[in-house]
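Good morning. I will take a few minutes to walk through one structure, and I will keep to what can be read from its atoms.

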Amino acid sequence: MKDDLKKRLKMNVSAIKEGTVIDHIPVKNLFKVISILRLDKIENQITFGTNLDSGKLGKKAIIKLSDKFFEDDEINKIALIAPHVKLNIIKDYEVLEKRIVEIPDVIVGIVKCFNPRCITNHETISTHFKVISKEPLELKCKYCEKITSEEQIKMI
Ligand code: CTP
Ligand code: ZN
């Protein structure tokens, strides 16, 4: 059997013609990814799969967005909760480009400080964290020095 055909038959979610495939999303964070990227608000065609087999993660989730292409700073927001994501840019059914998302060493904005008493929760001032651990994710607030951990993360 042709390799192309084999690949197609193995595909869990239909191929798309143009757009972005966000692959290797940790299953537990699929809905967080949807919410961070505000996919509930867009009108593009979206298909997703979850609890799919994946060598690396055991199980993975995948999101396919037709006719949608992300800016780096938009997509990098998900690196916080989906660090091993592979972004596939699809043009005319072909994977034109593969991108990875990277967790920056410093995160400005995007995430709320977990500490209710932190100044960033009371004044209009951007949050600012130093990433002290990437797995599991731990962010140290520059202002109150409290640690916000992965489970506590709330996006702004
Ligand atoms: N894909 C798609 N539509 C296309 C082409 C690819 O939905 N027209 C999806 C595939 O289903 C896959 C991802 O995009 O989930 C990447 O495609 P490809 O690079 O062909 O797959 P792999 O080699 O398995 O990718 P990797 O090993 O980088 O995860
Ligand atoms: Zn703080």
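**T148 and its surroundings**

Let me start at one residue: the side chain of T148 reaches the backbone nitrogen of F114, at 3.1 Å. Before I go on, please keep in mind that this is a predicted model.

Where is T148? It is found in strand β9. Is T148 buried or exposed? The relative accessible area of T148 is 0%, and with buried meaning under 20%, T148 is buried. Leaving aside neighbours within four places in sequence, T148 is in contact with K112, C113, F114, F129, L137, E138, L139 and I153.

What is the order of its strands? Four strands form an open sheet, and the order is β6-β7-β8-β9. The pairing in this sheet is antiparallel.

Which strands stand at the edges? They are β6, residues 106–108, and β9, residues 147–149. Each of these has a single partner strand, so one side of each is left without a neighbour in the sheet. So T148, in β9, sits in an edge strand, and yet T148 is buried. On average, neighbouring strands of this sheet are turned by 30° against each other, with direction ignored.

Let me take the pairs one by one. Between β6 and β7 the pairing is antiparallel, over three bridges. Here V108 has H128, in β7, as its bridge partner.

Next come β7 and β8, which run antiparallel and are joined by five bridges. A hairpin of two residues links β7 to β8. In this pair F129 stands opposite C141 of β8.

Last, β8, residues 137–141, pairs with β9 in the antiparallel sense over three bridges. There K140 stands opposite I147 in β9.

One more general point on sheets: in a regular strand the side chains alternate between the two faces of the sheet.

**The zinc site**

On to the metal. Which residues coordinate the zinc ion, ligand 2? They are C113, C118, C141 and C144, each through its SG atom, at 2.2 to 2.4 Å. The angles among the four donor atoms run from 99 to 117°, and the site is tetrahedral. Along the sequence, the donor residues follow the spacing C-x4-C-x22-C-x2-C.

What does the pair C113 and C141 tie together? C113 lies in the loop between β6 and β7 (128–134), whereas C141 lies in strand β8, so the pair ties together parts that are 28 residues apart in sequence. C113 is buried, at a relative accessible area of 5%. C141 is buried as well, at 2%.

This brings us back to the start.

**Backbone details**

A few backbone features deserve a mention. In general, most residues other than glycine have a negative phi, and most peptide bonds are trans.

Which residues does the cis peptide bond join? It joins E135 and P136, with omega at about -5°. P136 is placed in the loop between β7 and β8.

Then there are positive phi values in residues other than glycine. For R38, phi is near 50°. R38 is in the loop between α2 (30–36) and β2. Its relative accessible area is 48%, and R38 is partly exposed.

For D92, phi is near 50°, also a positive value in a residue other than glycine. D92 lies in the loop between β4 (86–91) and β5 (94–100). With a relative accessibility of 49%, D92 counts as partly exposed.

**A residue in β2**

I will finish with N51, which has its place in strand β2, residues 46–54. N51 counts as partly exposed, at 49% relative accessibility. Which residues does N51 touch, leaving aside its neighbours within four places in sequence? The contacts are V27, K59 and K60. As for I62, eleven residues apart from N51 along the chain, the two C-alpha atoms are separated by 9.1 Å.

That is the end of my tour. Thank you.

Conventions. Residues numbered from 1 in each chain as written. Chains lettered and ligands numbered in written order. Predicted model: local features only at pLDDT ≥ 70, side-chain atom pairs only at ≥ 80, totals over all residues. Heavy atoms only, no water. Pairing = 2+ DSSP bridges. Axes fitted to C-alpha atoms, helices over the stretch in contact; angles between N-to-C directions. Donors = N, O, S within 2.8 Å, 3.2 Å for Na, K, Ca; no water. Tetrahedral: all angles 85-135°; square planar, octahedral: opposite > 155°, others 65-115°. Buried < 20%, exposed > 50% of the residue type's maximum accessible area, 1.4 Å probe, protein only. Contact = heavy atoms within 4.5 Å. Polar contact = N/O pair within 3.5 Å; in protein donor to acceptor, adjacent residues only side chain to side chain.
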